[in-house]
Amino acid sequence: MEDTTAIYLILKKVRERKEQLKNIIAGGIHSFDEYNKTVGEYKGYNIMEQEIQDLQKDEEQRDSKT
């Protein structure tokens, strides 16, 4: 499997999970601890998505320089 294919598959899974978490948060969470955990997980997926996108940009810039 090519690196780019793997990256897109990972991004797809991250985005799917983020959407699930967004729906859970929008539906309401009864426990404040559970809310904090869910929001923290959502933020973590945001960070992962951004890092993956930054890695892609860096790779593309390196490819264009060569």
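**Exercise 1. What share of the contacts in the protein with a separation of 6 or more comes from residues 24 or more positions apart?**

Start with the term: a contact means heavy atoms within 4.5 Å. Now take the contacts with a separation of 6 or more; residues 24 or more positions apart account for 61% of them.

A word on the ground rules before going on. This is a predicted model, in which local features need pLDDT of at least 70 and side-chain atom pairs count only at pLDDT 80 or more, while totals for chains, interfaces and linings use all residues. Residues are numbered from 1 along each chain as its sequence is written, and side-chain values use heavy atoms, with hydrogens and water left out.

**Exercise 2. Work out how many helices and strands the protein has, and how spread out it is.**

Step one is the count: there are 2 helices and 0 strands. Both kinds of element are DSSP runs numbered from the N terminus, with helices being H or I over at least four residues and strands being E over at least two.

Step two is the spread. The radius of gyration is 16 Å, well over the 11 Å that the globule rule gives for 66 residues, so the protein is more spread out than a compact globule. That radius is taken over C-alpha atoms, and the globule rule is 2.2 Å times the number of residues to the power 0.38.

Step three is the outline: along its principal axes, the C-alpha trace spans about 55 × 20 × 15 Å.

**Exercise 3. Describe the surface of the protein and say what percentage of its residues count as buried.**

First, the area. The accessible surface comes to about 5400 Å², and 53% of it belongs to carbon and sulfur atoms. Such areas come from the Shrake-Rupley method with a 1.4 Å probe, and for residues only the protein chains shown count as cover.

Next, burial. Of the 66 residues, 15% count as buried. Here buried means under 20% relative accessible area, exposed means over 50%, and partly exposed is in between (1.4 Å probe, protein chains only).

**Exercise 4. Find how many salt bridges there are, and which parts they tie together.**

Begin with the charges. The protein has 11 positive and 14 negative side chains, and the centres of the two sets lie 4 Å apart. Lys and Arg count as positive, Asp and Glu as negative, with His and the chain ends not counted. Each charge is placed at NZ of Lys, CZ of Arg, CG of Asp or CD of Glu.

A salt bridge needs a side-chain nitrogen of Lys or Arg within 4 Å of a carboxyl oxygen of Asp or Glu. By that rule the count comes to 5.

Now look at some of the pairs:

- Glu 49 bridges to Arg 15, with the closest N and O atoms 2.6 Å apart. Glu 49 sits in helix α2 (residues 32-65) and Arg 15 in helix α1 (residues 3-27), so this pair ties together parts that are 34 residues apart in sequence. Glu 49 is buried at 11% relative accessibility, whereas Arg 15 is partly exposed at 39%. Together with Lys 18, Arg 15 and Glu 49 are linked in a network of salt bridges.
- Glu 41 bridges to Arg 17, with the closest N and O atoms 3.0 Å apart. Glu 41 is in helix α2 and Arg 17 in helix α1, so the pair ties together parts 24 residues apart in sequence.
- Lys 22 bridges to Glu 19, with the closest N and O atoms 3.6 Å apart. These two are 3 residues apart in helix α1, separated by about one helical turn.
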